[in-house]
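Please look at the sequence and the structure before reading on.

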Amino acid sequence: MLAMNKDIEQRKAVLLTIKSEIIQRLNIQRDELQIDDDTALFGNGLKLDSVDATEIVVMLDKVFGLKVGEGDDPSYMRSINSLATFIIQKQNA
């Protein structure tokens with residue numbers, strides 16, 4: 001039970017960090033509470049583009065200390081939640 005609570009708190013912290021970093025770095029005119037965890041990063045979601053995707057990769061390196069490899073499945077950039085899952089899996093690897 002304690003491990004599950006720790007995992008939940010870790011995920012909440014990662015989600016909040018992702019949202020605040022995206023808002024700050026990409027000048028999104030929303031606050032963290034207005035962005036659902038399942039919000040798509042591209043298309044009808046936050047409407048990000050390829051330049052924004054590059055900024056997210058830089059954010060992963062600077063904020064989370066993660067390097068994205070060529071072999072990483074690009075679907076991690078599908079939504080806020082998929083990005084959080086990617087970060088947590090890399091941190092726990």
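At what angle do α1 and α3 pack, and how far apart are their axes? In this predicted model, the angle between α1 and α3 is about 120°, and their axes are 9 Å apart. Angles from 65 to 115 degrees would count as roughly perpendicular and those over 145 as roughly antiparallel; α1 and α3 are therefore oblique to each other. Their crossing is right-handed. On the α1 side the contact involves Gln-10, Arg-11, Val-14, Leu-15, Ile-18, Lys-19 and Ile-22. On the α3 side the contact residues include Ile-80, Leu-83, Ala-84, Ile-87 and Ile-88. Sorted by class, the contact of α1 with α3 has 9 nonpolar, 5 polar and 2 charged residues.

Helix α1 (residues 2–26) also meets helix α2 (residues 50–64): their axes come within 11 Å and cross at roughly 130°. α1 and α2 are therefore oblique to each other, and α1 passes α2 in a right-handed crossing. From α1, the contact is made by Val-14, Thr-17, Ile-18, Glu-21, Ile-22, Arg-25 and Leu-26. Among the α2 residues in this contact are Ile-56, Val-58, Met-59, Val-63 and Phe-64. The contact of α1 with α2 has 9 nonpolar, 1 polar and 5 charged residues.

Helix α3 (residues 80–92) has 13 residues, which should span 18 Å at 1.5 Å a residue; its end C-alpha atoms are 18 Å apart, in agreement. Ile-80, Asn-81, Ser-82, Leu-83, Ala-84, Phe-86, Ile-87 and Ile-88 of α3 are buried. The buried residues of α3 pack against both α1 and α2.

Note on methods
Residues are numbered from 1 along each chain as its sequence is written. This is a predicted model: local features need pLDDT of at least 70, side-chain atom pairs count only at pLDDT 80 or more; totals for chains, interfaces and linings use all residues. Side-chain values use heavy atoms; hydrogens and water are left out. Axes are lines fitted to C-alpha atoms, for helices over the stretch in contact, and angles run from 0 to 180 degrees between N-to-C directions. Helices (H or I, at least four residues) and strands (E, at least two) are DSSP runs, numbered from the N terminus. Angles under 35 degrees count as roughly parallel, over 145 as roughly antiparallel, 65 to 115 as roughly perpendicular and the rest as oblique. A crossing is left-handed if the near helix is turned anticlockwise from the far one by less than a right angle, and right-handed if clockwise. Contact means heavy atoms within 4.5 Å. Ala, Val, Leu, Ile, Met, Phe, Trp, Tyr, Cys and Pro count as nonpolar, Asp, Glu, Lys and Arg as charged, and the others, Gly among them, as polar. The expected span of a helix is 1.5 Å times one less than its number of residues. Buried means under 20% relative accessible area, exposed over 50%, partly exposed in between (1.4 Å probe, protein chains only).
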